[in-house]
Amino acid sequence: MTSRQHYGAPPDALAPQEAPSDGLDQPVVGIGAPDVRAAVRGAGHPPREIPPYVGARLRHPRRPPVPVRDPDAVELRGPVFGATDVGPLDHDLTAHHRGEPLGERITVSGRVLDRRGRPVAGQLTEIWQANAAGRYAHQLDRHHAPLDPHFTGYGRCLTDAEGRYAFTTIRPGAYPWDNHTNAWRPGHIHFSLFGTAFTQRLITQMYFPGDPLLAYDPILHAVSDEAARGRLVAAYAPELSVPDRSLGYHWDIVLDGPSATAFEEAAR
Ligand SMILES: [Fe+2]
């Protein structure tokens with residue numbers, strides 16, 4: 001998420017001496033995939049410990065979940081979202097400031113579906129991402145790339161009756177991170193789906209087709225199943241392109257079942 005860290009981990013959590021220095025600047029297949037496969041417990045979902053992804057060990061609980069005796073009571077104290085909480089321009093990340101952000105303007109749209117292919121309507125869908133230069137507007141991001149005063153990098157919308165979401169944004173740039181020598185994350189957009197309650201929140205990442213960095217990314221390859229990895233990559237969709245405005249990308253999100261999108265920290 002940031003150039004040096006993912007949110008939730010202390011800034012110095014990935015000390016250089018703890019990161020492997022050699023070998024990991026190779027395509028992930030062939031260096032880490034066997035270890036990843038051995039650690040996978042679910043079909044396509046990433047394991048908690050991912051050897052090529054050095055920081056993974058800092059990003060998951062080490063203790064068993066705390067049983068909730070009264071789930072309804074928990075929800076009463078949690079956030080509640082509705083249509084009135086989503087502004088008319090929240091889905092357009094290029095319209096959040098006075099000026100236009102720099103970069104390749106894109107439209108990303110798709111449907112949120114359940115395991116039977118039925119649309120999930122009214123789903124709060126949120127995204128966050130780096131700017132075109134690969135820099136997050138976040139205090140922990142110390143990548144030496146320019147911030148864009150016209151781009152904050154987060155947005156949200158509710159899916160319509162057909163389960164469809166749509167965002168207008170900027171294609172995010174690649175950014176370096178401290179996982180290993182010369183490690184660069186492929187361009188990606190983080191997605192969050194809140195479900196019907198805070199405790200159902202699912203998070204994943206969408207990638208772009210043809211990105212040469214896909215083969216080198218330990219986070220993408222934490223999803224061991226090739227088909228499941230492929231489902232994390234959007235498709236160029238000229239029908240979604242807006243003439244003289246933006247390039248279109250199509251990406252569906254399937255919540256569960258054999259064709260499910262791989263989510264981070266999936267249900268176990
Ligand atoms: Fe990121």
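Predicted model: local features only at pLDDT ≥ 70, side-chain atom pairs only at ≥ 80, totals over all residues.
Visitor: Asp244, then: buried or exposed?
Guide: Asp244 is exposed, having 5 other C-beta atoms within 10 Å. Residues are numbered from 1 along each chain as its sequence is written.

Visitor: Where is Asp244 found, and what is its phi?
Guide: Asp244 is in the loop between strand S9 (235-236) and strand S10 (247-250). Its phi is near 60°, a positive value in a residue other than glycine. Helices (H or I, at least four residues) and strands (E, at least two) are DSSP runs, numbered from the N terminus.

Visitor: And what is phi at Asn182?
Guide: Phi of Asn182 is near 60°, a positive value in a residue other than glycine. Asn182 belongs to the loop between strand S5 (175-177) and strand S6 (183-185), and it counts as exposed because it has 9 C-beta neighbours inside 10 Å.

Visitor: Changing topic: how many helices and strands does the protein have?
Guide: The secondary structure comes to three helices and eleven strands. Along the sequence, the pattern is α-α-β-β-β-β-β-β-β-β-α-β-β-β. Of the 268 residues, 37% count as buried.

Visitor: What is the order of the open sheet?
Guide: The open sheet has four strands in the order S3-S2-S7-S8, with antiparallel pairing. Strand S3 (154-158) and strand S8 (202-207) each have a single partner strand, so one side of each is left without a neighbour in the sheet. The twist averages 25° from one strand to the next; axes are lines fitted to C-alpha atoms, for helices over the stretch in contact, and angles run from 0 to 180 degrees between N-to-C directions. Two strands pair if DSSP finds at least two bridges between them.

Visitor: How many bridges join S2 to S7?
Guide: Four bridges join S2 to S7, and the two run antiparallel. Ile127 has Phe191 of S7 as its bridge partner. S7 (residues 188-193) pairs with S8 over six bridges, among them the one between Ser192 and Ile203.

Visitor: Which residues of S2 are on each of its faces?
Guide: Leu124, Glu126 and Trp128 are on one side, with Thr125 and Ile127 on the other, and all are buried. In a regular strand the side chains alternate between the two faces of the sheet.

Visitor: Which residues touch the most other members in the largest nonpolar core?
Guide: In this core of 36 residues, they are Val108, Met206, Tyr207 and Ala234. Strand S1 (105-113) gives the most to it, with four residues. A nonpolar core is a set of buried Ala, Val, Leu, Ile, Met, Phe, Trp, Tyr and Cys residues joined through C-beta atoms within 7 Å.

Visitor: What is Tyr207 in contact with, leaving aside neighbours within four places in sequence?
Guide: Its contacts beyond those neighbours are Pro186, His188, Leu214, Leu220, Leu232, Val233 and Ala234. Two residues are in contact if their C-beta atoms, placed from the backbone, lie within 7 Å.

Definitions and conventions:
Buried ≥ 20, exposed ≤ 12 C-beta atoms within 10 Å, placed from the backbone.
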